[in-house]
Amino acid sequence: MERKCNKKLLYALSFFIPVLMLLAIHFFHGIFPFGDATIMTGDSEYQFIDYLSYLKTIVFGNNDYSYSFSKNLGGNMAGFTAYYYLGPLAYISLLFPARDLPIALGVMLMLTVGLCSLTNCIYLTETGSPRKLNLLLAITYAYSGFLASYYQIILYYAAQILLPLVMLGLERLINDPKKRILYMVTLSAAVLTNYYSGYMICIFSLLMFIYKLLLRSDLKNLLKDNVEQIKSFIISSVLAVSVSAFNLIPTALSLSGSKDNFALGFGRQFPFSQVFSKLYTGAFKGNVSTGMPNIYCGMFVVLLLFVYFVDRHRALKEKLLSAGFIVFMLLNMYISTLDVIWHGMNKPIGFPFRYSYMLCFFMIMLSYKGYSNKRSALSVKQLLIFFGVFLMYSAYLLLVHNETTGIREILFSLLMLLCIAGIINAYVRKWVGRKFAFLIMGFVIILDLAFNASDALNYFELASLSEYRAYIDEMGKTVSDMKAQAPDEMYRTEKYVRRTHNDAMQFDYMGLSHFSSSEKREKLTFLGKTGIRSNGNWAFFGESNTALFDTLFGVKYIISKYRTIPNHYGRVVTDDEYKVFENDNYYGIMFISNRDIRHVDYSAYINNPFAFQEAIADNINGKDNKILQGVTEAERTLENLKEIKEDGYSRFERINKEEEAAVHYSVKVLDPTADEDTGENLFVYFDAPENQSAHIYRYDTDMGEYFTTYRWNVINMEAQFKGDTYEIRVCPDGDELTLSNAFFCYEDRDALKTYADDIKRNECHLKKLTSSHVTGEVNVNEDEKCVVMTIPYDENWSVTVDGVKVDTVPAVGHLISFDVNKGKHNIEMKYSPKGRKAGIVISMIALIICTIYSSNLFEKYHKK
């Protein structure tokens, strides 16, 4: 196992063996092409697959990387692009049609495991020598716990691939400060492909740099002995990051106001004494929300780490520094404040410890040093100590009822360790030949790693390829037929059916629903005030809001499975599976308004979506439209509940735990204009101080859950008639319920039509050239008006009216508006993310300096 081997063969095997392993795992799980399952699950199913579909419209269509109308009301794409689209492997998806994108994900994963193994093999070979051992450890890195558990997070693939090359560049820089090209190029690539994981690699590079310098020098002479190394590291790191300024500056500006999960504290995040349970094979149990860091890197590495630390020929200082590094990394994961720093000052929502693979890399690096042909055999005493510690720690995990490691995981890991220890000692003591030992060792290690990866897949619900294709084909046809109805218009579409929150990106239409990690909270808050579900991380339309809402926000079409929908829209497309309904009161996403619309502040409407919607309409045309009429008679009674008044809300406690409990509302309809045949729709919205679990009933009909993460929005109770009394009740799922207010209203369709016709008197036409460039025409009947577009106010929009640039002003506290006077006007709007020009200049300067600095011209000039 120790003899040097051909580099090219070593690198080729390091790539192809992990790929073949993954194919075998896919065969076992019936994943395409061996069955109907796909690797699509979780975030890859509900987010990334739709983003990849939208990427195709950027590359091949008329969308671009600057702005998108398919994410909520619309928004800057700089941060989104930097987070999701700059990894090279994402562009593999361009080779596949939308219906086959789950297959593209599988190809991307195969390339990732192959490239992770290859780059780690390159690192081990270039820092050591071309040995067969490198191949085994390289495969171990590719199948470490992070990738096996978090494989669905495709945006971090590039970072895992690049990390060994960044570390190789760092080693070269430390050994010779003039050899900095590889470090600069790879670090710059890591930051460019994903700023988030690139930031983590920057932190790890700093820690590794300090670790390596401490190995080289005494603490007393650390700075004195390494002046050139420190200078080269700092300058190279700054330049490498600066090269990506063209991307980082617009990204930083676009993300201001997005995630706000800053949380400091010194509380523990997991039981520290149990963290090593994650080293056992099969210790991952599907938890991607909380839990402990995924530091699994195979039993081979565990044993070699022990060999490394008990090696009497290795300097005590080195072993202490290495142990300290491992403990320090674990403490960074254990202590909340340190962990938050690693995650860019934001506590991650799901997928914790997103840098844990870096610790795996470090442990694999040590295990490489732990193996030496002359002294890697463990004595009987050392073996007894090792297995004694293993069994005692395993017993401890069983006693504390560790959540992930039980008897199954312990026995399998023990078997692997016994096999590996036996083969190593048999080979070193020359009881077996080199080739035989290597083949058996390779088989055991691959079995260990493959079992862990395969076992992890058991805890995910893998999406069906045929079901995905059927949905894409059927919904795609419906959307295509819908677009043919008004090919030159800009309008929004929403659905009463759901696959994900990102269907607007999947099918390239303007929608209101969206979920991504780069969305602004202000926009989500605004949408939540209108009555659609917004939980602070995403907004989702989902079901029927008022027809006034649809009209205000430019929703022209609704897609549904049913032949009729509650808002009485006419059907314009009837396909086998889905139908399209048209809002006949639609007047566009751009319209003419009174300037009073700018005085409406959405933050002033405390969780009453009906009052907010009515205020928008009334301030657009300056009239008391009376579209949404509040119900004046709503009698409330309690069933098996005791009310306790709190500050601003009521808390209800179940009296008899065994009996049903409910807050009843008897709503009497007093609408004098209700249509005798169809009635008018009754809408409800309940306000509460916090998420909770409850159900809403109309008479005995269960209208679904409420106050939950996924559903807390306006509910359309459908048609009601004058004089009718409707029984609505709120039933807690537990023993308590909190309520701040209950809002009921009916919608006057005649009043809505009158309002919409009034707005349509001023003609507005808008055409999309690209997603960041639109043109339009307006015909205004009066002076002192303004144009309002139902997209978020953003100073990056440049607007011209008849060729003259005009200022934009927020309307309703969030939408974009600009002044116009009477007459016909041509409008042009262009979007350019703020900071792009400055970033390009900085990147170009940094690139020039990098080129000069890498060629050592500064040193040559200094010598002259």
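Author: Helices (H or I, at least four residues) and strands (E, at least two) are DSSP runs, numbered from the N terminus. This is a predicted model, in which local features need pLDDT of at least 70 and side-chain atom pairs count only at pLDDT 80 or more, while totals for chains, interfaces and linings use all residues. Residues are numbered from 1 along each chain as its sequence is written, and side-chain values use heavy atoms, with hydrogens and water left out.

Reader: Good. Where is Asn640 found?

Author: Asn640 sits in the loop between strand S12 (633-639) and strand S13 (641-645). The phi of Asn640 is near 55 degrees, a positive value in a residue other than glycine.

Reader: Is Asn640 buried or exposed?

Author: Asn640 is buried, because its relative accessible area is 15% and buried means under 20%, exposed over 50% and partly exposed in between (1.4 Å probe, protein chains only).

Reader: And what about the phi of Asp802?

Author: Asp802 is not a glycine, yet has a positive phi of about 55 degrees. Asp802 belongs to the loop between strand S26 (797-801) and strand S27 (804-806). With a relative accessible area of 43%, Asp802 is partly exposed.

Reader: Changing topic: which residues does the cis peptide bond join?

Author: A cis peptide bond joins Phe32 and Pro33, with omega about 10 degrees. Pro33 is in the loop between helix H1 (7-29) and helix H2 (42-60). Most peptide bonds are trans.

Reader: Now helix packing. At what angle do H24 and H25 pack?

Author: Helix H24 (residues 609-621) and helix H25 (residues 749-760) pack at an angle of about 40 degrees, and their axes are 10 Å apart. Axes are lines fitted to C-alpha atoms, for helices over the stretch in contact, and angles run from 0 to 180 degrees between N-to-C directions.

Reader: Why are they oblique to each other?

Author: H24 and H25 are oblique because of that angle of about 40 degrees: angles under 35 degrees count as roughly parallel, over 145 as roughly antiparallel, 65 to 115 as roughly perpendicular and the rest as oblique. The crossing of H24 and H25 is left-handed, a term for a near helix turned anticlockwise from the far one by less than a right angle (right-handed if clockwise).

Reader: Which residues make the contact?

Author: Ala617, Ile620 and Asn621 of H24 and Tyr755, Asp758 and Ile759 of H25 make the contact, where contact means heavy atoms within 4.5 Å. By class, the contact of H24 with H25 has four nonpolar, one polar and one charged residues. Here Ala, Val, Leu, Ile, Met, Phe, Trp, Tyr, Cys and Pro count as nonpolar, Asp, Glu, Lys and Arg as charged, and the others, Gly among them, as polar.

Reader: How do H11 and H26 cross?

Author: The axes of H11 and helix H26 (residues 836-854) come within 8 Å and cross at roughly 145 degrees. The crossing of H11 past H26 is left-handed. From H11, Lys231, Ser232, Ile235, Ser236, Leu239 and Ser242 meet Ile842, Ser843, Ala846, Ile849, Cys850 and Tyr853 in H26. That contact has seven nonpolar, four polar and one charged residues by class.

Reader: What lies in the loop between H10 and H11?

Author: Asn226 lies there, between helix H10 (222-225) and helix H11 (227-242). Asn226 is buried, with a relative accessible area of 0%. Its side chain makes a polar contact with the side chain of Ser217 at 2.9 Å. A polar contact is a pair of N or O atoms within 3.5 Å; within protein, one must be able to donate a hydrogen and the other to accept it, and residues adjacent in sequence count only if both atoms are side-chain atoms. Not counting residues up to four places away in sequence, Asn226 touches Leu213, Arg216 and Ser217.

Reader: Last one: what does the side chain of Tyr706 reach?

Author: The side chain of Tyr706 reaches the backbone oxygen of Asn713 at 2.8 Å. Tyr706 is in strand S18 (residues 701-706) and counts as buried at 0% relative accessibility.
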